[in-house]
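Open the model in your viewer and keep the selection panel at hand. Each stop below says what to select and what is there.

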Number of protein chains: 2
Amino acid sequence: MSTIGPDTTVERSEREIHPYEALAHQLRVDSVRMGAEAGSGHPTSSMSAAELMAVLMERFLHYDFADPGGPGNDRLIFSKGHASPLLYAMAKAAGAIADDEMLTFRRKGSRLEGHPTPRFPSAQVATGSLGQGLGIGVGMALAAKRLDRVESNVYVLLGDSEMAEGSVWEAIDKAGFYDLDNLVAVVDMNRLGQRGPTELEWDGDAYVRRAEAFGWSAVHIDGHDVDAVEAAYGAALESDRPSMIVGRTVKGKGVSFLEDTSKWHGKAPTGDRAEQALDELGRDGQVRVRVAPPRDVRPAVSKATRPTGEPEFPSYPSDGEVATRDAFGDALAALGAVYPDLVVLDGELGDSTRTLAFADAHPDRFFQMYIAEQQMVAAAMGMNALGYRPFAATFAAFMTRAYDFVRMAAVSRANLRLAGSHAGVAIGEDGPSQMGLEDLAMMRAVHGSTVLYPCDPYQTVRLTEAMMDLEGVAYLRTTRGDTPVIYGAGDAFEVGGSRTLRSSADDAATVVAAGVTVHEALAAARTLAGEGVGVRVIDAYSVKPFDAGTLRSAFHDTGGRLVVAEDHRPEGGLGEAALAALAADGIDRLRIRHLAVRHMPGSATSDEQLEAAGIGRRAIAAAVRELAA
Amino acid sequence: MSTIGPDTTVERSEREIHPYEALAHQLRVDSVRMGAEAGSGHPTSSMSAAELMAVLMERFLHYDFADPGGPGNDRLIFSKGHASPLLYAMAKAAGAIADDEMLTFRRKGSRLEGHPTPRFPSAQVATGSLGQGLGIGVGMALAAKRLDRVESNVYVLLGDSEMAEGSVWEAIDKAGFYDLDNLVAVVDMNRLGQRGPTELEWDGDAYVRRAEAFGWSAVHIDGHDVDAVEAAYGAALESDRPSMIVGRTVKGKGVSFLEDTSKWHGKAPTGDRAEQALDELGRDGQVRVRVAPPRDVRPAVSKATRPTGEPEFPSYPSDGEVATRDAFGDALAALGAVYPDLVVLDGELGDSTRTLAFADAHPDRFFQMYIAEQQMVAAAMGMNALGYRPFAATFAAFMTRAYDFVRMAAVSRANLRLAGSHAGVAIGEDGPSQMGLEDLAMMRAVHGSTVLYPCDPYQTVRLTEAMMDLEGVAYLRTTRGDTPVIYGAGDAFEVGGSRTLRSSADDAATVVAAGVTVHEALAAARTLAGEGVGVRVIDAYSVKPFDAGTLRSAFHDTGGRLVVAEDHRPEGGLGEAALAALAADGIDRLRIRHLAVRHMPGSATSDEQLEAAGIGRRAIAAAVRELAA
């Protein structure tokens with residue numbers, strides 16, 4: 001067994017090849033071995049980047065492959081997540097996993113999944129949806145440079161096909177704008193996508209021109225020439241710009257029948273073919289590399305597990321009207337004072353979402369991503385990976401732009417806080433392009449998510465505070481317009497809870513509402529009271545997890561007569577959450593009126609919108625009367 | 001009243017200003033008037049682009065503002081949709097709407113919404129979610145050039161803030177790659193976004209360098225100098241490249257207190273302030289422009305309302321197994337032969353989604369968008385606006401990347417056909433990054449959508465065929481692996497229907513399934529039959545609209561005992577659709593077991609995945625036994 005590392009002198013007679021090449025070779029061999037064992041995988045996509053990664057890990061990378069979370073680590077992201085065999089082979093070469101485990105690739109129960117997730121120690125984020133890695137890297141680079149303020153380089157391996165994804169250019173733009181000289185994008189330009197050639201094929205100069213136009217340093221090299229690769233990394237680390245290394249490579253490099261063809265994309269040679277491949281490559285011994293350890297650094301920000309004190313939230317006038325988006329802004333600013341690791345990201349809407357309140361109070365921890373929602377969520381993921389508590393906000397409608405990133409955040413087991421403002425038709429005249437009408441469905445469907453929808457400022461503040469300690473993806477939905485203050489400073493709101501706002505011994509029906517419809521429901525209840533009709537009104541601010549117990553009781557008390565009113569499409573939102581909650585325990589009688597936005601709104605005032613959508617006070621009262629009749 | 005148009009000679013003594021400037025001025029005046037009347041809107045964002053649009057409409061544009069759908073029209077997209085007042089003012093100047101109607105801006109019931117939708121005749125697509133217009137323009141330019149093969153220029157007005165959106169760069173990349181010399185991007189570089197300065201402010205040369213790096217011609221001019229604007233358009237139309245005109249402009253140009261500030265973004269001066277603005281601008285008379293009419297052209301493709309014949313679908317072996325994704329590919333190819341206006345778009349996954357079958361049969365109508373899902377859906381919208389029937393496909397998981405575009409397609413009243421393959425955990429070893437687990441929720445929540453999920457090849461073919469005539473957004477979910485053929489060539493499947501596959505007089509429970517779980521349900525039913533237990537099995541292939549009637553009957557017959565099994569998250573999918581369908585008519589007894597994917601899958605074989613998710617045959621049988629006990 002040979003051990004080759006930065007400090008090892010290798011007798012030339014023992015090895016006639018360059019040290020890096022021995023490792024690159026081993027990475028290829030192991031990629032083929034993994035694919036052969038699993039019967040599937042992307043070995044050819046892994047083989048093209050072998051030198052690009054071998055030089056990095058032997059010479060430049062400071063990384064604990066077994067535990068890369070600490071602040072002294074560089075960062076390594078495989079944006080081309082399907083090249084997972086390469087990452088796993090690197091981890092083996094680094095001694096972080098054994099060969100036995102490496103060969104469990106893609107097997108049920110294995111940490112070595114088809115595309116990397118953080119179940120595998122060397123991967124801090126899950127990748128596999130192309131075009132996401134560089135944006136995450138931007139977040140990590142920003143955190144290292146501006147927050148931790150430590151020396152830490154972020155290396156992102158990209159495929160050339162994924163350079164067509166706009167999210168990559170959002171990242172390239174942000175990195176240029178923020179002078180992220182600690183970010184290195186390594187493009188494995190093997191010319192071939194899944195189906196055939198990429199747009200630019202081997203036109204490395206075109207990629208270079210594009211990156212340079214966005215303010216990067218960029219070079220185009222032979223990606224299999226280890227001296228050129230080494231020089232490129234060296235130059236990248238010297239540069240005061242973010243750097244792109246475009247390596248001209250060959251897909252399937254090293255095995256004749258695999259080279260430079262799309263035919264073997266996503267297919268692994270097995271049996272005789274695998275033997276043939278390994279014969280061509282030559283099997284050699286087991287190469288181990290001593291990777292430079294994480295640097296000894298002290299980050300400037302402490303990642304507190306507990307807040308440093310009690311946050312100082314404002315008071316709201318008990319007879320007043322305050323928009324929940326305003327309270328959200330207040331909450332962020334107050335929480336920022338006691339959570340030194342709370343960071344906030346904006347997409348050019350901070351004055352509307354009210355994250356600007358945090359920006360004013362804690363400018364060093366506020367990050368403007370401009371109109372680039374994918375990048376905003378990606379950066380939040382990167383910062384979370386470095387131990388920060390990110391909160392990213394945009395209009396609920398525009399959170400849909402980042403849905404693939406939110407989905408992948410759950411695969412990454414990231415703790416991500418998101419806020420979507422301007423919910424529903426209630427926004428008024430701006431019209432449907434600006435209305436969040438699908439966001440409850442979108443966010444409920446994300447694995448392990450929490451979905452919260454407050455109706456008053458005190459509730460908003462408490463729920464925002466609760467989000468500081470939630471795991472997974474947590475989403476807060478806020479309203480544009482001023483709505484009545486109905487709670488007080490002493491009120492507590494648990495995730496998974498609800499509030500029963502009106503209750504009598506003789507309620508005709510249960511009305512479930514959240515956000516803006518809570519106030520409509522209360523108005524309807526007052527009207528109905530005047531008619532001698534009682535209603536149970538539940539503020540179901542925790543859309544997920546849903547307070548099934550309270551609903552079931554109320555439902556039982558009101559003879560199974562239920563009205564749900566939501567400023568959201570009928571599918572996947574509050575109504576379906578309520579039904580699912582009731583159904584889980586069995587239903588013996590249900591009569592429901594589900595008021596939701598079933599039309600395509602135009603422009604109109606907020607009140608006109610609620611009426612036109614049939615989700616306002618008159619519709620709620622009418623629904624109750626219908627059920628009670 | 002002055003009438004100034006391309007053929008009008010204006011006496012210099014009558015007007016001392018350049019003809020274009022009279023129109024530009026009028027567009028500013030009307031933007032302010034609209035905002036003042038509505039009390040809201042984005043006049044300052046409209047005022048900066050007045051010359052850019054005045055010169056276009058007076059000198060270059062061939063467009064029927066009252067009816068721009070025909071093939072001889074140029075295309076005009078306001079990617080900066082919030083500048084809607086400018087579009088409406090242009091329509092008035094063109095004589096397409098009256099001043100009275102123009103002043104109904106943002107009022108309830110008005111066609112002149114806060115952001116343009118196709119309810120307004122001059123807008124072919126809805127905009128307002130920034131960064132979408134250029135991608136749509138790419139689709140229109142491709143259709144005009146490659147399909148219609150007519151002379152037609154596509155003009156897209158963008159703001160500078162939205163240049164941060166990756167989708168804009170997907171479009172810029174595609175236009176460069178496809179040599180769309182009929183596409184002109186006009187960037188209103190007014191330096192200020194909503195919240196403050198953009199990243200590049202007035203660095204027009206930076207935008208130019210970026211566009212040029214992607215293969216465009218680009219110029220940077222004074223956006224208020226009508227001679228420079230005219231020359232820029234002229235050069236753009238001469239160029240054999242797509243062209244970008246970056247106009248250095250001033251937000252709120254023309255009114256001193258509105259100029260060059262973000263303070264008035266999205267705010268309209270009213271009352272005295274409006275009077276002050278109009279005084280400064282000067283009110284003049286009413287300028288009317290005779291816009292050049294659509295060209296007299298004959299498109300190469302006829303947009304048939306009916307197919308030209310019977311499609312020739314293949315047969316499938318009745319005892320065989322065929323993947324629904326394969327049948328989808330077969331269907332597209334066959335339909336392409338009888339629908340000359342069917343076009344197919346791919347995101348570098350055509351061999352996996354099987355759109356490649358269409359590409360082989362009808363290469364002229366197949367459009368490779370590479371790995372850029374937002375652009376793929378945007379191009380589909382553009383082609384739809386030109387009368388084509390687009391079908392765009394990617395992995396169901398990656399359709400989430402384009403969710404904001406799908407959402408806006410509904411606002412655009414577009415007829416869009418989408419297919420998401422590789423649904424669910426059933427894909428196997430590739431793991432969760434590649435699994436569509438949220439797509440049913442996402443697509444159900446889109447206004448007016450149709451959501452279909454076939455389980456066998458014959459059903460897939462029939463449903464794909466049915467999608468040819470659907471309005472709105474229609475989504476088909478397909479499966480990666482081979483599944484049993486259970487239907488025949490003569491079977492018909494209606495949108496909104498279902499199929500009861502097993503039924504007896506004494507069924508213990510109803511099992512609702514779709515796609516892969518239909519086969520699991522049938523296997524469970526066979527096992528249970530061996531135990532003397534009958535089950536009603538419903539193939540609920542039409543997830544939306546859902547066949548409530550059949551479900552309610554079965555539900556009634558089986559004492560309210562219901563099992564739903566779906567290869568999807570529990571939220572927003574088949575189970576909640578079934579519950580909602582039952583609830584709508586009232587429920588008197590329900591006991592349900594909802595089998596869905598509640599964990600985060602790893603890598604495993606397809607069968608292992610179904611078992612681990614608890615949605616396979618054993619789980620279904622166990623659930624039935626539990627309910628029947």
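**Ground rules.** This is a predicted model: local features need pLDDT of at least 70, side-chain atom pairs count only at pLDDT 80 or more, and totals for chains, interfaces and linings use all residues. Residues are numbered from 1 along each chain as its sequence is written, chains are lettered from A and ligands numbered from 1 in the order in which they are written, and side-chain values use heavy atoms, with hydrogens and water left out.

**Stop 1: the interface.** Select chain A and chain B. Here 98 residues of chain A are in contact with 98 residues of chain B (contact: heavy atoms within 4.5 Å). The area buried between them is about 8,200 Å², and carbon and sulfur atoms give 51% of that. Buried area is the accessible area (1.4 Å probe) that two parts lose on being put together, summed over both. Now pick A:R195, A:E199 and A:R401. These supply 10% of the area that chain A buries against chain B, more than any other three residues.

Turn to the polar side. The count between chain A and chain B is 20 salt bridges (a side-chain nitrogen of Lys or Arg within 4 Å of a carboxyl oxygen of Asp or Glu). On the side of chain A that touches chain B, the residues divide into 33 nonpolar, 30 polar and 35 charged. In this scheme Ala, Val, Leu, Ile, Met, Phe, Trp, Tyr, Cys and Pro are nonpolar, Asp, Glu, Lys and Arg are charged, and the others, Gly among them, are polar.

**Stop 2: two bridges between chains.** Select A:D404 and B:R401. They form a salt bridge, with the closest N and O atoms 2.9 Å apart. A:D404 sits in helix 16 (residues 403-411) of chain A, and B:R401 in the loop between helix 15 (396-399) and helix 16 (403-411) of chain B. Helices are DSSP runs (H or I, at least four residues), strands are E runs of at least two, and both are numbered from the N terminus. Buried or exposed? A:D404 is buried at 0% relative accessibility, and B:R401 is buried at 1%. Buried means under 20% relative accessible area, exposed over 50%, partly exposed in between (1.4 Å probe, protein chains only). Next, select B:K544 and A:E571: another salt bridge, at 3.3 Å.

**Stop 3: B:D30.** This residue is in helix 1 (residues 19-38) of chain B. B:D30 is buried, at 1% relative accessibility. Its salt-bridge partner is B:K92, at 2.8 Å between the closest N and O atoms. B:K92 lies in helix 4 (residues 84-93) of chain B, 62 residues apart from B:D30. B:K92 is buried too, at 0%.

**Stop 4: A:E162.** Look in the loop between strand 3 (154-159) and helix 7 (166-177) of chain A. A:E162 is buried, at 1%. Which backbone nitrogen does its side chain reach at 2.6 Å? That of A:G131. The backbone nitrogen of A:K80 lies 3.3 Å from a polar atom of the A:E162 side chain. Among the other residues that A:E162 touches is B:I371, on the partner chain.

**Stop 5: helix 11 of chain B.** Select residues 324-338. Of the 15 residues, 12 are buried, including B:F328 and B:L332.

Methods:
Polar contact = N/O pair within 3.5 Å; in protein donor to acceptor, adjacent residues only side chain to side chain. Lists of a residue's contacts leave out its neighbours within four places in sequence.
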